[in-house]
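Subject: Handover of a structure and the findings from it

Dear colleague,

Please find below the structure that I am handing over to you. My notes on it follow directly after.

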Amino acid sequence: MRAGDRLPPLEIPVTRTLIVAGAIASRDYQDVHHDPELARQKGAPDIFMNILTTNGLVGRYVTDHFGPAAVLRRVAIRLGAPNHPGDTMVLTGSVEEVDGDTAVVRVVGANGLGTHVTGTVTVTLPEAGS
């Protein structure tokens with residue numbers, strides 16, 4: 001792992017099931033995450049993904065790359081364009097800095113509307129042989 005290393009892109013189909021399941025799993029019962037009609041009444045074209053689901057997908061992206069022993073130390077994200085059903089979010093990342101067994105990875109997730117999420121993930125990798 002070196003500064004400048006790029007992670008391969010990960011395409012995530014944004015399905016209605018993913019949005020609703022993520023909201024339920026994170027106990028976010030806001031109607032805009034499961035009720036299309038109420039989401040429209042509030043100005044959205046459809047339901048949209050909550051930040052906790054996005055946070056989990058960003059973490060998954062980093063641990064999928066570095067392996068199951070990787071430990072997420074910090075995930076700091078900002079949301080932009082919403083993820084609606086029928087779109088695809090593509091996550092990309094690059095290692096910004098490395099200090100011993102810890103790295104900071106910049107992550108961007110884009111969809112058909114633009115940038116959905118930006119942020120950094122601080123991850124620690126176990127020492128070889130641990």
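Asp 46 and Arg 16 are joined through their side chains in a salt bridge, with N and O 2.8 Å apart; the term stands for a side-chain nitrogen of Lys or Arg within 4 Å of a carboxyl oxygen of Asp or Glu. This pair connects distant parts of the chain, since Asp 46 sits in the loop between α2 (36-41) and α3 while Arg 16 belongs to helix α1, 30 residues apart. Asp 46 is buried, at a relative accessible area of 12%, whereas Arg 16 is partly exposed at 37%. Here buried means under 20% relative accessible area, exposed over 50%, and partly exposed in between, with a 1.4 Å probe and protein chains only. Helices (H or I, at least four residues) and strands (E, at least two) are DSSP runs, numbered from the N terminus.

Please note that this is a predicted model, in which local features need pLDDT of at least 70 and side-chain atom pairs count only at pLDDT 80 or more, while totals for chains, interfaces and linings use all residues. Residues are numbered from 1 along each chain as its sequence is written, and side-chain values use heavy atoms, with hydrogens and water left out.

The search of the whole structure gives 6 salt bridges. In general, side chains of opposite charge can pair when their charged atoms come close. Another of these bridges is formed by Lys 42 and Asp 31, whose closest N and O atoms are 3.0 Å apart. Here too distant parts of the chain are linked: Lys 42 is in the loop between α2 and α3, and Asp 31 is in the loop between α1 and α2, 11 residues apart. Lys 42 is exposed, with a relative accessible area of 54%, but Asp 31 is buried at 16%. A further bridge pairs Arg 2 with Asp 5, at 3.9 Å between the closest N and O atoms. Arg 2 is exposed, at 60% relative accessibility, and Asp 5 is partly exposed at 27%.

Which residues of helix α1 are buried? In this helix, residues 16-25, they are Ile 19, Gly 22 and Ala 23. Seen down the helix axis, the buried residues of α1 fall within an arc of 100°, so they line one face of the helix; the arc is that of the directions from the helix axis to the C-beta atoms. They pack against β1 (6-14) and α3 (51-66), where contact means heavy atoms within 4.5 Å. On the face turned away from the buried side are the exposed residues Thr 17 and Ala 25. After α1 comes Arg 27, which has a positive phi near 55°.

I would also draw your attention to His 116, in strand β5 (residues 114-124). His 116 is buried, with a relative accessible area of 2%. Its side chain reaches the backbone oxygen of Ala 81 at 2.7 Å. Leaving aside neighbours within four places in sequence, the residues in contact with His 116 include Met 49, Thr 54, Arg 78, Leu 79, Met 89 and Asn 111.

Leu 52 lies in helix α3 and is partly exposed, with a relative accessible area of 47%.

Yours sincerely

Note on methods: A polar contact is a pair of N or O atoms within 3.5 Å; within protein, one must be able to donate a hydrogen and the other to accept it, and residues adjacent in sequence count only if both atoms are side-chain atoms.
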